[in-house]
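Thanks for coming. Please have the sequence and the model open while I talk.

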Amino acid sequence: RGTPSEPSKAPGISYQVDIAAQGKEAYDRVKDSFAKHEPYALIFMDLRMPPGWDGLETAQRIRAIDKEVQIVLMSAYSDYDQSELAERIGEPDKLLYIKKPFQTEEIKQFALALTEKWNMNRREKDRLILTNRLMRENNFLTRHGHGTLEQATKAILTSFMSFLEARAGILQRQGAAGWEILGSSSAEDAIALSRKLPPALAAQPQIQNQDKDGTTFIPLLCEGFRGHLYLSGKG
């Protein structure tokens, strides 16, 4: 999207940069990316952007869409003081005001620090969401008794699929005659996933995530039971 900047010379650091010439264009980009669940982490914005919306109005409209994005306002003039900007835009802990002129190294430091702050906040939010979901699933299993092994394995599989937002999954147990499917999201999934699962994977008792094809392998080892969950299309 937009015009990418030159790659950073610092090892391991790169940014995807979009450029907007006016406030309305910046607002539309933020609105579109937020709707696609690809929000921006950081916005550098001039307070004066004639004609059209100035930086204050643009920041207010953007903040109404996205409460988490880090915003840096830049100006060579004293149109507003920092307390007024913070009050009118909101989320003062995610708002920074800097005066022109500034050095390139300052912008690089701001970009690194603020994008990392955004990443940390997002990771913490994701952890909280996943923890709450896991607690709900655990409470469900605790409240509902399961009279048969089929019911229990189906509940376990459903819980893991819900927790990882997977589209399909199977739960297999190793018996004397080989691997036995105890539960699956559907009959078609049972056949497809059992064929897709590499034999070497089932022999390794450790969790393995394949981000490339969206699969997760989870071994189940307890009280003489040896099996695993194999999920695909995970979130």
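I will go through some backbone details, then a helix pair, then a cavity.

This is a predicted model, in which local features need pLDDT of at least 70, side-chain atom pairs count only at pLDDT 80 or more, and totals for chains, interfaces and linings use all residues. Residues are numbered from 1 along each chain as its sequence is written, and side-chain values use heavy atoms, with hydrogens and water left out.

Let me start with the backbone. Most residues other than glycine have a negative phi, and most peptide bonds are trans. Pro-50 and Pro-51 are joined by a cis peptide bond, with omega about -10°. Pro-51 sits in the loop between strand E1 (42-46) and helix H2 (55-65). Helices (H or I, at least four residues) and strands (E, at least two) are DSSP runs, numbered from the N terminus. Another cis bond runs from Lys-100 to Pro-101, with omega near -5°; Pro-101 is in the loop between strand E3 (95-99) and helix H4 (104-143).

Now phi. His-37 has a positive phi, near 60°, and belongs to the loop between helix H1 (23-35) and E1. Is His-37 buried or exposed? At 67% relative accessibility, His-37 is exposed. Glu-91 also has a positive phi, near 50°, and is in the loop between helix H3 (82-89) and E3. Glu-91 is partly exposed, at 28% relative accessible area. The cut-offs are under 20% for buried, over 50% for exposed and in between for partly exposed, with a 1.4 Å probe and protein chains only.

Next, the helix pair. H1 and H2 pack at about 10°, and their axes are 9 Å apart. The two are therefore roughly parallel, a term for angles under 35 degrees. Axes are lines fitted to C-alpha atoms over the stretch in contact, and angles run from 0 to 180 degrees between N-to-C directions. Contact means heavy atoms within 4.5 Å. Among the residues that meet are Tyr-27 and Phe-34 in H1, and Ile-62 and Ile-65 in H2.

Last, the cavity. How many cavities of 30 Å³ or more does a search of the whole structure find? The search finds one. The largest cavity holds about 50 Å³ of space. A cavity here is a set of points on a 1 Å grid where a 1.4 Å probe fits but cannot get out, and lining residues have an atom within 4 Å of a point. The lining includes Trp-179, Phe-217 and Arg-226. Strands E7 (215-222) and E8 (225-232) each supply at least two lining residues.

Notes
On a 1 Å grid over the protein atoms alone, a cavity is a set of points where a 1.4 Å probe fits but cannot get out, and a pocket is an open set with protein on both sides within 12 Å along at least five of seven lines; lining residues have an atom within 4 Å of a point. Grid points are joined across faces, edges and corners, and a volume is the space filled by probe spheres set on the points. Angles under 35 degrees count as roughly parallel, over 145 as roughly antiparallel, 65 to 115 as roughly perpendicular and the rest as oblique.
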